[in-house]
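Me: I would like a close look at one part of this structure, taken slowly, with the packing of its helices described residue by residue. Please follow that with whatever bears on the helices elsewhere in the chain.

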Amino acid sequence: MSTIERVEVFVAGPGRNFVTLRVTTSDGVTGLGDATLNGRELAVASYLRDHVAPLLVGKDPARIEDMWQYLYKGVYWRRGPVTMTAISAVDTALWDIKGKVAGLPVYQLLGGRSRDGVLVYCHASGTDTESLLDDVARFRESGYHAVRAQAAVPGIAGSYGVRKGAVYEPAATSLPDEQPWSTEAYLRYAPTYLEAVRDRFGFDFHLLHDVHHRLTPIEAASFGKSVEDVRLLWMEDPTPAENQEAYRLIRQHTTTPIAVGEVLNSIWDVKQLITEQLIDYVRTTVVHAGGITHLRRIFDLAALYQVRTGSHGATDLSPVTLAAAVHLDLTVPNFGIQEYMEHAPETMEVFRSGVTFSDGMLNPSEEPGLGVEYDEKAAERFPYDPRYLPVARRLDGSVHDW
Ligand code: GCO
Ligand code: MG
């Protein structure tokens with residue numbers, strides 16, 4: 001029997017600190033998993049190196065479900081982003097290995113194609129309405145059928161989702177940057193630029209918007225109502241999802257569809273949102289919600305309630321996560337849409353991925369496994385460099401939700 005022989009954890013850039021797990025079997029087959037938790041990378045790296053790696057060596061890499069149960073139930077301490085990200089990395093690496101051993105791409109092991117490709121949405125942004133419109137035009141010309149639109153709120157420096165240089169990078173400082181926020185200014189301005197996008201480009205593509213957990217339930221209800229004519233595919237994270245009852249109130253007031261889940265880590269975290277039909281899209285992702293094995297379970301629960309998938313896919317999730325997500329998205333019956341921000345060219349030198357983009361859709365590699373190779377030598381050029389997400393403060397100085 002082939003066994004797990006080596007477990008390595010790499011923490012390296014470029015541009016951010018990706019945590020990558022590489023599992024090697026006694027037959028020399030390798031599997032990759034992403035364990036990146038933006039701003040808390042070393043906690044997951046230590047969890048894997050110090051607490052998980054010693055348990056894996058000598059085990060059968062083929063027993064993916066059993067390994068998941070062992071790592072989840074065996075530790076006694078359940079859920080939470082650090083634990084679930086570590087389990088995700090192991091799970092993803094074992095699926096990669098299973099695919100390579102079987103000589104099949106992972107999506108074939110998951111039941112095969114349910115669709116021709118994976119519809120993605122991109123991130124358009126601007127420092128004002130005009131520059132946002134230019135960005136939307138650029139993405140429409142590149143073939144995207146779905147666009148998320150964010151613009152900087154006038155006079156408010158802390159408008160998330162807005163690109164400063166070539167790429168949007170919120171975790172850009174070695175200590176958290178503190179940025180001002182005004183809900184009133186946002187609520188006045190955001191509906192106007194979403195309307196401007198529809199006025200200029202029409203309704204022939206999907207438009208999305210991320211509220212990034214910043215509103216109270218009644219503010220979110222009013223925002224959702226005010227943008228109904230814009231017909232968003234979704235408004236994302238309108239309020240922090242710790243208080244899930246809040247979504248009942250939002251639902252009573254607006255038919256704007258809702259997407260939640262990028263900071264949630266397990267089926268239990270999304271259970272109420274799904275079973276009460278408080279959301280339309282579940283945004284849990286391979287890397288933070290227990291890997292392919294657990295995400296599939298979440299998606300199956302969602303399917304019972306006509307909730308579709310809309311996985312998180314920002315660039316702080318490595319190309320290993322993107323590849324795993326695309327394999328899974330291709331197979332699930334209730335797939336909705338996948339977030340996609342192109343990784344920087346240097347990132348793709350470290351992670352050689354066979355994922356391809358064409359006509360607004362992604363497709364996985366046809367290579368056995370996930371179809372991603374990690375270039376350890378290239379990664380050595382980008383050592384760990386502390387990076388934190390910003391903190392939002394209201395205009396009176398108090399901390400707001402980020
Ligand atoms: C999104 C997100 C991200 C997060 C980031 C945090 O919808 O893409 O909200 O941009 O802020 O992933 O690390
Ligand atoms: Mg988001």
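Reply:

**Helix α6 and its surroundings**

In this predicted model, helix α5 (residues 129-141) and helix α6 (residues 183-201) have axes that come within 10 Å and cross at roughly 45°. Angles under 35 degrees count as roughly parallel and those from 65 to 115 as roughly perpendicular, and α5 and α6 are therefore oblique to each other. The crossing of these two helices, α5 and α6, is right-handed. On the α5 side the contact is made by Thr-129, Leu-132, Leu-133, Val-136 and Arg-140, while α6 contributes Tyr-193, Ala-196, Val-197, Arg-200 and Phe-201. Sorted by class, the residues in the contact of α5 with α6 are seven nonpolar, one polar and two charged.

Turning to α6 itself, its 19 residues should span 27 Å at 1.5 Å a residue, and because its end C-alpha atoms are 27 Å apart, the two values agree. The buried residues in α6 are Tyr-186, Tyr-189, Ala-190, Tyr-193, Leu-194 and Val-197, and the buried residues of this helix pack against α5, β5 (146-151) and β7 (206-210). Just after α6 the chain reaches Gly-202, which takes a positive phi of about 80°.

A second pair of helices can be described in the same terms. The axes of α9 (residues 267-275) and α10 (residues 291-304) come within 10 Å and cross at roughly 10°, and that angle makes α9 roughly parallel to α10. The crossing of α9 and α10 is right-handed. Here Ile-267, Val-270 and Ile-274 in α9 meet His-294, Arg-297, Ile-298, Leu-301 and Ala-302 in α10, and the residues of this contact divide into six nonpolar, one polar and one charged.

Further along is helix α11 (residues 319-331), in which Ala-325 has its place. Helix α11 has 13 residues and reaches 19 Å from its first C-alpha to its last, close to the 18 Å expected at 1.5 Å a residue. This helix is mostly covered, with 13 of its 13 residues buried. For Ala-325 the count is 30 C-beta neighbours inside 10 Å, and because 20 or more is the cut-off, Ala-325 counts as buried. Not counting residues up to four places away in sequence, Ala-325 touches Thr-285, Val-286, Ser-311, Gly-313 and Gln-338. One of these, Gly-313, lies 12 residues from Ala-325 along the chain, and the C-alpha atoms of the two are separated by 8.5 Å.

Finally, helix α12 (residues 345-350) holds Thr-347. Thr-347 has 22 C-beta neighbours inside 10 Å and therefore counts as buried. When its neighbours within four places in sequence are left aside, Thr-347 is in contact with Pro-14, Gly-15 and Pro-319; Pro-319 falls within the residue range of α11, which runs over residues 319-331. Thr-347 and Thr-315 are 32 residues apart in sequence, and their C-alpha atoms are 9.7 Å apart in space.

Definitions and conventions. Residues are numbered from 1 along each chain as its sequence is written. Chains are lettered from A and ligands numbered from 1 in the order in which they are written. This is a predicted model: local features need pLDDT of at least 70, side-chain atom pairs count only at pLDDT 80 or more; totals for chains, interfaces and linings use all residues. Axes are lines fitted to C-alpha atoms, for helices over the stretch in contact, and angles run from 0 to 180 degrees between N-to-C directions. Helices (H or I, at least four residues) and strands (E, at least two) are DSSP runs, numbered from the N terminus. Angles under 35 degrees count as roughly parallel, over 145 as roughly antiparallel, 65 to 115 as roughly perpendicular and the rest as oblique. A crossing is left-handed if the near helix is turned anticlockwise from the far one by less than a right angle, and right-handed if clockwise. Two residues are in contact if their C-beta atoms, placed from the backbone, lie within 7 Å. Ala, Val, Leu, Ile, Met, Phe, Trp, Tyr, Cys and Pro count as nonpolar, Asp, Glu, Lys and Arg as charged, and the others, Gly among them, as polar. The expected span of a helix is 1.5 Å times one less than its number of residues. A residue is buried if 20 or more other C-beta atoms lie within 10 Å of its own, exposed if 12 or fewer, and partly exposed in between; C-beta atoms are placed from the backbone.
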